[in-house]
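Trainee: I would like to learn to read a protein model feature by feature. Can we take one topic at a time?

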Amino acid sequence: MRALLINVYVSDLDYAMKWYQESLGFKLSNDHYNYPVAIDLVHNSEIRLLLHKAEKPTNIEISEDSATVITFQVDDIREKIKEFKRKGIEFLHDEPQFFPLGEWIAFKDPFGNILELAELKSEAQLG
């Protein structure tokens, strides 16, 4: 089994489409284009997000509220943090957090959905 797509609910579909493209590098796909109800975005043909129109933004607090969090693997978390900060993305932590397989850091999209970046340790470091 593998993930087919990830549904993300947003309160402003037009702004979400722009934000996910400009901030995270997703591209518009015509596979599931159902504007103004939902739009399909893809990233390197590996990740598919289906953005759906919601009535209001969410207010999820990490580690407090039940939620689904999307984690994007990156090669260099510190460089990606710099890039995202230049784009105006605010992180929920001052520095990447450690976990047994590497480091991660969380941020929210403009609609309150929690997203994360993760850099995994190399095989040699896991040894």
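Trainee: Which residues form one aromatic cluster?

Mentor: Note first that this is a predicted model. The cluster is made of W19, Y20, F26 and F72.

Trainee: Are W19 and Y20 buried or exposed?

Mentor: Buried means under 20% relative accessible area. W19 is at 9%, so it counts as buried. Y20 is at 0% and is buried too.

Trainee: How many aromatic pairs does the whole structure hold?

Mentor: Six. One of them joins Y15 and F111: the centres are 6.0 Å apart and the planes stand at 70°, so this pair is edge-to-face. Y15 belongs to helix α1, while F111 sits in the loop between β7 and β8, so the pair ties together parts that are 96 residues apart in sequence. F111 is buried at 3%, whereas Y15 is partly exposed at 40%.

Trainee: Now the core. Which residues have the most contacts inside the largest nonpolar core?

Mentor: Y20, L24, L51, F91, F107, L115 and L117. The core counts 26 residues. Elements that give two or more residues to it are β1 (6–10), α1 (13–24), β3, β4, β5, α2 (77–86), β7 (102–108) and β8 (114–120). The largest share, six residues, comes from α1.

Trainee: Which residues does L117 touch?

Mentor: Leave out residues up to four places away in sequence, and the list is T71, F72, V74, I77, K80, F84, F91, E103, W104, I105 and F107. Another core lies apart from the largest one. That other core has five residues, among them I60, A106, I114 and A118.

Trainee: Next, the sheet. In what order do the four strands of the open sheet stand?

Mentor: The order is β5-β8-β7-β6, with mixed pairing. β5 and β6 (97–99) stand at the edges with a single partner strand each, so one side of each is left without a neighbour in the sheet. The twist averages 35° from one strand to the next. Helix α2 packs on the sheet and touches β7 and β8. The direction of α2 makes about 15° with that of β7.

Trainee: How do β5 and β8 run, and how many bridges join them?

Mentor: They run parallel, joined by four bridges. T71 stands opposite E116. Q73 has A118 as its bridge partner in β8.

Trainee: Which residues of β5 make up its covered face?

Mentor: Start with the general idea. In a regular strand the side chains alternate between the two faces of the sheet. In β5 the covered face holds I70 and F72. T71 and Q73 make the uncovered one.

Trainee: On to charges. How many salt bridges are there?

Mentor: Side chains of opposite charge can pair when their charged atoms come close. Here the count is six. R48 pairs with D40, with the closest N and O atoms 2.9 Å apart. D40 has 0% relative accessibility, so it counts as buried.

Trainee: Which parts does the pair of K108 and E61 tie together?

Mentor: K108 lies in strand β7 and E61 in the loop between β4 and β5, so the link spans parts 47 residues apart in sequence. Their closest N and O atoms are 3.7 Å apart. K108 is partly exposed at 23%, and E61 is partly exposed at 35%.

Trainee: Last, the backbone. Where is the cis peptide bond?

Mentor: It joins Y35 and P36, with omega about 10°. P36 lies in the loop between β2 (27–34) and β3 (38–43). Check phi as well. S63 has a positive value, near 70°, and is not a glycine. S63 is in the loop between β4 (47–53) and β5 (70–73). At 76% relative accessibility, S63 counts as exposed.

Technical notes: Residues are numbered from 1 along each chain as its sequence is written. This is a predicted model: local features need pLDDT of at least 70, side-chain atom pairs count only at pLDDT 80 or more; totals for chains, interfaces and linings use all residues. Side-chain values use heavy atoms; hydrogens and water are left out. Buried means under 20% relative accessible area, exposed over 50%, partly exposed in between (1.4 Å probe, protein chains only). A nonpolar core is a set of buried Ala, Val, Leu, Ile, Met, Phe, Trp, Tyr and Cys residues joined through side-chain atoms within 4.5 Å. Contact means heavy atoms within 4.5 Å. Two strands pair if DSSP finds at least two bridges between them. Axes are lines fitted to C-alpha atoms, for helices over the stretch in contact, and angles run from 0 to 180 degrees between N-to-C directions. A salt bridge is a side-chain nitrogen of Lys or Arg within 4 Å of a carboxyl oxygen of Asp or Glu. Rings of Phe, Tyr and Trp (its six-membered ring) pair if their centres lie within 6.5 Å; planes under 30 degrees apart count as stacked, over 60 as edge-to-face and the rest as tilted.
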